[in-house]
Amino acid sequence: MRSPLDVLYNFHWVRRGEMARSAQAYAGMLGHFLRRHRIRAVINLRGPNPKFFWWRYESKVCRRLGIAHYDVSVNSRTLPARELLIEILNTFDGASKPALIKCSGGQDRTSLAAALYIVHRDGWTALPDALDQFAKWPYLHFPKQHQRWLRLFLPYAAKEAAGVPLSRWIAEAYSPERFMAWLDSEGWSDTFRNLPGQPPRALS
């Protein structure tokens, strides 16, 4: 049964008892929330932010409870670098289970990471299930214009990988430049803001 905190924090299981997803625990009670679901690792997609209270609070609670805390910096408007995708998959592999993926609202970056986890874990036959992680309901994925690439990434990856496992394809063949070229060719040039490390590009 979903608790009020589950609803408040947009909590859902990606794979029950193994990987979950949620929003930032802005309203507090993070320790109770994590203990209730027996979470052993938190994967924070907002990156390290020691200047902000939410990050210090989250890190402190995880330390107190003996929960591993991983910081991965994902920008929902920037096409992902190869190194970032490798870091995400390596974090999945290294994190104790059950683990929790979270960003700010648990809607956009978290949807991408959850979808990546499913394909990484179960292979390309699980792609339809992975794409369900971008549903408006119950995950509240209502992407802004430059966040729409998030849902397009795995269909592109499936086409390019042609059956090769996701982790191997990323390590050996993926580049954000090729992904950008595909988006442009499909008429989706307005679905992202920029490439890694580059300023926003001007579109005609």
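A residue counts as buried when its relative accessible area is under 20%, and as exposed when that area is over 50%. The model discussed here is a predicted one. Leu85 has a relative accessible area of 2%, and therefore it is buried. Ala162, by contrast, has a relative accessibility of 65%, so it counts as exposed.

H4 covers residues 82-94, which is 13 residues. From its first C-alpha to its last it reaches 18 Å, close to the 18 Å expected at 1.5 Å a residue. The buried residues of H4 are Leu84, Leu85, Ile88, Leu89, Thr91 and Phe92. They lie on the same side of H4, because they cover an arc of only 155° around the axis. The exposed residues Glu83, Asp93 and Gly94 sit on the face of H4 that is turned away from the buried side.

What does H4 pack on? H4 packs on a sheet, where it touches strand E2 (19-22), E3, E4 and E5. The direction of H4 makes about 175° with that of E4. The sheet is open and is formed by 5 strands in the order E1-E2-E5-E3-E4, with mixed pairing. Strand E1 (12-15) and strand E4 (68-71) are the edge strands, each pairing on one side only. On average, neighbouring strands of the sheet are turned by 25° against each other, direction ignored. Inside the sheet, E3 and E5 pair in the parallel sense over 4 bridges. Ala41 has Ala99 in E5 as its bridge partner.

The next topic is the interior. In soluble globular proteins, nonpolar side chains tend to be buried together. The largest nonpolar core in this model has 49 residues, of which Phe92, Leu116, Phe153, Leu154 and Leu166 touch the most other members. Several elements each supply at least two residues of this core, including H4, strand E3 (41-44), strand E5 (99-102), helix H5 (109-122) and helix H7 (149-161). Apart from this core lies another one, of 15 residues, among them Ala25, Val42, Val61 and Cys62.

Which residues does Phe153 touch, leaving out those up to four places away in sequence? They are Pro80, Leu85, Leu112, Leu116, Trp169, Tyr174 and Phe179. Leu85, counted in the same way, touches Pro80, Leu116, Phe153, Ile170 and Tyr174. Leu85 and Val74 are 11 residues apart in sequence, and their C-alpha atoms are 9.3 Å apart in space.

Leu116 belongs to H5, where it is one of the buried residues. H5 is mostly covered, as 11 of its 14 residues are buried. Among them are Leu112, Ala113, Tyr117, Ile118 and Val119. Just after H5 comes Gly123, with a positive phi of about 90°.

Finally, consider the exposed Ala162. Ala162 lies in the loop between H7 and H8. In sequence, Ala162 is 38 residues apart from Trp124, while the two are 9.2 Å apart in space, C-alpha to C-alpha.

Terms used. Residues numbered from 1 in each chain as written. Predicted model: local features only at pLDDT ≥ 70, side-chain atom pairs only at ≥ 80, totals over all residues. Heavy atoms only, no water. Expected span 1.5 Å × (residues − 1). Buried < 20%, exposed > 50% of the residue type's maximum accessible area, 1.4 Å probe, protein only. Arc of directions from axis to C-beta. Core = buried A, V, L, I, M, F, W, Y, C linked by side-chain atoms within 4.5 Å. Contact = heavy atoms within 4.5 Å. Pairing = 2+ DSSP bridges. Axes fitted to C-alpha atoms, helices over the stretch in contact; angles between N-to-C directions.
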